[in-house]
Amino acid sequence: MPTVEELYRNYGILADATEQVGQIRRQAIKELPQFATGENLPRVADILTQLLQTDDSAEFNLVNNALLSIFKMDAKGTLGGLFSQILQGEDIVRERAIKFLSTKLKTLPDEVLTKEVEELILTESKKVLEDVTGEEFVLFMKILSGLKSLQTVSGRQQLVELVAEQADLEQTFNPSDPDCVDRLLQCTRQAVPLFSKNVHSTRFVTYFCEQVLPNLSSLTTPVEGLDIQLEVLKLLAEMSSFCGDMEKLETNLRKLFDKLLEYMPLPPEEAENGENAGNEEPKLQFSYVECLLYSFHQLGRKLPDFLTAKLNAEKLKDFKIRLQYFARGLQVYIRQLRLALQGKTGEALKTEENKIKVVALKITNNINVLIKDLFHIPPSYKSTVTLSWKPVQKVEIGQKRASEDTTSGSPPKKSPAGPKRDARQIYNPPSGKYSSNLSNFNYERSLQGK
C-alpha cells in the first residue's frame with residue numbers, strides 16, 4: 001500500500017506530464033498553419049476543424065485563430081476542410097464549425113471573401129441545408145444573409161427560395177403536428193426580414209391563406225405559453241404588405257375575410273326592456289383583429305371591389321353591423337386608455353402596467369383607422385398604419401432610403417429555434433379584454449348602439 005506522500009508525488013508527476021502534453025498540443029496548433037501550403041491546406045483545415053471540439057478555452061481560441069490565419073491564405077481550401085467536417089464529422093465538431101462560420105466570416109476582409117468564395121459558401125451551404133436542425137438552419141440563414149452577393153434584390157430572392165424550400169410549402173399543412181407547425185413558423189420568421197417591394201411574399205401569404213388560416217384553431221405547439229394563433233396572424237400581417245400578384249386572390253381574400261368575421265362579433269340581442277338578452281357581451285379580441293384587419297386591408301387593395309361586388313348585399317350589411325359594433329367598443333377603450341396615460345412620461349411609462357396600456361392604445365388606434373377606411377363608400381384602402389409590435393420608421397425629409405442593392409439583407413438576430421422569440425423582443429399584447437390584464441383599471445363597456 002503506497003503512503004500518502006507517494007500518492008501525492010505520483011499525482012504531481014502525472015499532473016506535470018498532462019500539463020506538458022497540453023503545452024505541446026497548443027504549440028502544435030500554433031505551428032499548424034505553417035504546413036498549410038498547396039494540397040496540404042484543406043487537410044490542415046480539416047484537422048483544425050476537428051480540434052474545435054476541445055473544451056480547453058485557451059486551446060479553442062488558438063484553433064479559431066489558426067483557422068482564420070489559413071482562411072486568409074486560401075479561403076476556398078479552408079472552406080473545403082470546414083464543410084467536410086460539417087457534412088461528415090461528429091456532432092460536436094459540426095456544431096462548432098457552423099458557429100465558427102456564423103461568427104467569424106463577417107470579420108474577414110473583402111479581399112478574402114471574394115465573389116467566388118461567397119458562391120462556394122452558398123453552394124456548400126445548400127448541401128448542408130438538405131438535412132439540418134432548426135438551430136442550424138437559423139445559423140446558416142445568418143451566414144448567407146451576411147454575404148455581400150446576397151444582399152442585392154436577386155440575392156434576397158435566392159434566400160427566400162431557400163427558406164421556402166425548407167418550409168416545404170408544396171406539402172399539405174398538418175396543424176396537429178407540432179414539428180410541422182414549428183418548422184413553418186421558424187422558416188417564416190427567417191423569410192419576413194427579406195421581403196420588400198421587390199422581393200415578394202406571395203408564396204408564403206398564399207400558403208398561410210390556403211393551408212393555415214382554415215386550421216388556425218387546430219394549431220399545436222410544443223412551446224409553453226406561446227399564443228400560436230396570434231403568432232401566425234402576426235406573421236401573416238407582416239408578410240401581407242409585400243404580397244405580389246396572387247393567382248387565387250378572390251378565393252384567398254374570402255378565406256381571410258371569413259376568418260376576420262370570426263373575431264368581429266355581432267352585437268348582442270336586446271330584450272324588450274332594452275337590456276342585453278344574453279348573459280355576457282362578446283369578447284373583443286383586439287390583437288387578433290388588428291392582424292386580420294391589417295392583412296385584409298393590404299390584400300383588399302389588390303381587389304378593391306371585393307366588399308361591394310364580390311359579396312352579396314346581405315353579407316355586406318352583416319359585415320358593416322359587425323364593424324360598427326366593434327368600432328363603438330373601440331372608442332370606449334381608446335378614451336379610457338388615453339385618460340389613463342394622460343400626463344405620463346419617461347419612467348412612468350416604463351412600468352409593466354403602462355407598457356400594456358401603450359401597446360393597447362397602438363392596437364386600438366390601428367383598428368380604428370382601418371375600420372374608418374372600410375366604412376367609406378366605396379371602401380377605401382389608402383390609410384397606412386404601423387403594426388403595434390413594429391418600431392415606427394422615421395425617415396428624415398430629404399433623406400433618401402438606401403437602395404435595396406446596397407442594404408444589408410440580413411434579418412434581425414434570431415434565437416436558435418422557433419419556440420424562442422427573436423432578439424427584437426416583440427411584445428405580445430394580451431388578446432381579449434384588456435381589462436382582465438390591467439389591475440385597478442376599469443374599462444366601461446357601453447358597447448350598445450344608440
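Tutor: Helices here are DSSP runs of H or I, at least four residues long and numbered from the N terminus, and the expected span of a helix is 1.5 Å times one less than its number of residues. The model is predicted: local features need pLDDT of at least 70 and side-chain atom pairs count only at pLDDT 80 or more, while totals for chains, interfaces and linings use all residues. Residues are numbered from 1 along each chain as its sequence is written, and side-chain values use heavy atoms, leaving out hydrogens and water.

Student: How far does helix H15 reach from its first C-alpha to its last?

Tutor: Helix H15 covers residues 313-341, which is 29 residues. The expected span is 42 Å, and the model comes close to it, at 41 Å.

Student: Which residue meets Glu353 in a salt bridge?

Tutor: A salt bridge needs a side-chain nitrogen of Lys or Arg within 4 Å of a carboxyl oxygen of Asp or Glu. The N to O distance is 2.9 Å, and the partner is Lys357.

Student: Is Lys357 buried or exposed?

Tutor: Buried means under 20% relative accessible area, exposed over 50%, and partly exposed in between, with a 1.4 Å probe and protein chains only. Glu353, at 29%, is partly exposed. Lys357 has a relative accessible area of 5%, so Lys357 is buried.

Student: Which helix holds Glu135, the partner of Lys99?

Tutor: Lys99 and Glu135 form a salt bridge at 3.9 Å, N to O. Their pairing links distant parts of the chain, 36 residues apart: Lys99 is in helix H5 (residues 91-104), and Glu135 is in helix H7.

Key
Helices (H or I, at least four residues) and strands (E, at least two) are DSSP runs, numbered from the N terminus.
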